[in-house]
Amino acid sequence: DGGITQSPKYLFRKEGQNVTLSCEQNLNHDAMYWYRQDPGQGLRLIYYSQIVNDFQKGDIAEGYSVSREKKESFPLTVTSAQKNPTAFYLCASSRGGLVSNQPQHFGDGTRLSIL
Amino acid sequence: GESVGLHLPTLSVQEGDNSIINCAYSNSASDYFIWYKQESGKGPQFIIDIRSNMDKRQGQRVTVLLNKTVKHLSLQIAATQPGDSAVYFCAEGSGSARQLTFGSGTQLTVLP
């Protein structure tokens, strides 16, 4: 089945630690995205990538980093500089980029908490 | 109803009844709209989308209505079932904005 796989489902971070969230898609989509979801709020864009080896900051990129070395993979690193990392992180992909008016399809998320 | 970026309202309906979930958007330049369903602990699931050159689109048991004059979007679910219980949220996008803006959602509860 085609889809988006996020791992792990739950993740705990210690003070001063960087953690990496995995996102893999086998939909052959060009564009991939990372969002953060907090209770009672809409999704907020962290980073997006329209094509391999290229990515752009979203609205809340501070304290996060990404890479896009392969079309199917878009890992997100939550660095120690992100002071409020506790949230539900969602990865998405779409056939075209942000201006293409194609629906984004989501993985089942990673819930990150602070130890 | 829901406004993009604001509080999370709730809607309770009886099983078998029709549900209507509303979304008000603010960007008159938005030309693409999507409805998602999100169950607890899961990622959003695409339901249906509509472009601004249409005012109605139908899917399986769902209909999306777009009123550009008052910047209002609605999702109608026919014969609501227990499995429809979830948070529903809309997203709007435009070529000029280069990103989607997501609403916070409406919690739909289906009563037996």
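Trainee: Hi! Let's start with Phe102(B): buried or exposed?
Mentor: Keep in mind that this is a predicted model. In it, Phe102(B) is buried, because its relative accessibility of 3% falls under the 20% cut-off.

Trainee: And what about Tyr35(A), buried or exposed?
Mentor: Tyr35(A) is buried too, with a relative accessible area of 1%.

Trainee: OK, rings next. How many aromatic pairs are there over all chains?
Mentor: Searching the whole structure gives twelve. One of them joins Tyr35(A) and Phe102(B): the planes are at 80° and the ring centres 5.1 Å apart, so this pair is edge-to-face.

Trainee: Where do those two sit in the chains?
Mentor: Tyr35(A) belongs to strand S4 (residues 31-37) of chain A, and Phe102(B) to strand S10 (residues 100-102) of chain B, so the pair crosses between chains.

Trainee: Nice. What geometry do Tyr47(A) and Phe55(A) have?
Mentor: Theirs is an edge-to-face pair, with 75° between the planes and 6.0 Å from centre to centre.

Trainee: How accessible is each of them, Tyr47(A) and Phe55(A)?
Mentor: Tyr47(A) is buried at 8% relative accessible area, while Phe55(A) counts as partly exposed at 35%.

Trainee: Last one, a change of topic: where does Arg68(A) lie?
Mentor: Arg68(A) is placed over the face of Phe74(A), 6.0 Å from the ring centre.

Terms used
Residues numbered from 1 in each chain as written. Chains lettered and ligands numbered in written order. Predicted model: local features only at pLDDT ≥ 70, side-chain atom pairs only at ≥ 80, totals over all residues. Heavy atoms only, no water. Phe/Tyr/Trp six-rings, centres within 6.5 Å; stacked < 30°, edge-to-face > 60°. Helix = DSSP H or I, 4+ residues; strand = E, 2+ residues; numbered from the N terminus. Buried < 20%, exposed > 50% of the residue type's maximum accessible area, 1.4 Å probe, protein only. Lys NZ or Arg CZ within 6 Å of the ring centre and 35° of its normal.
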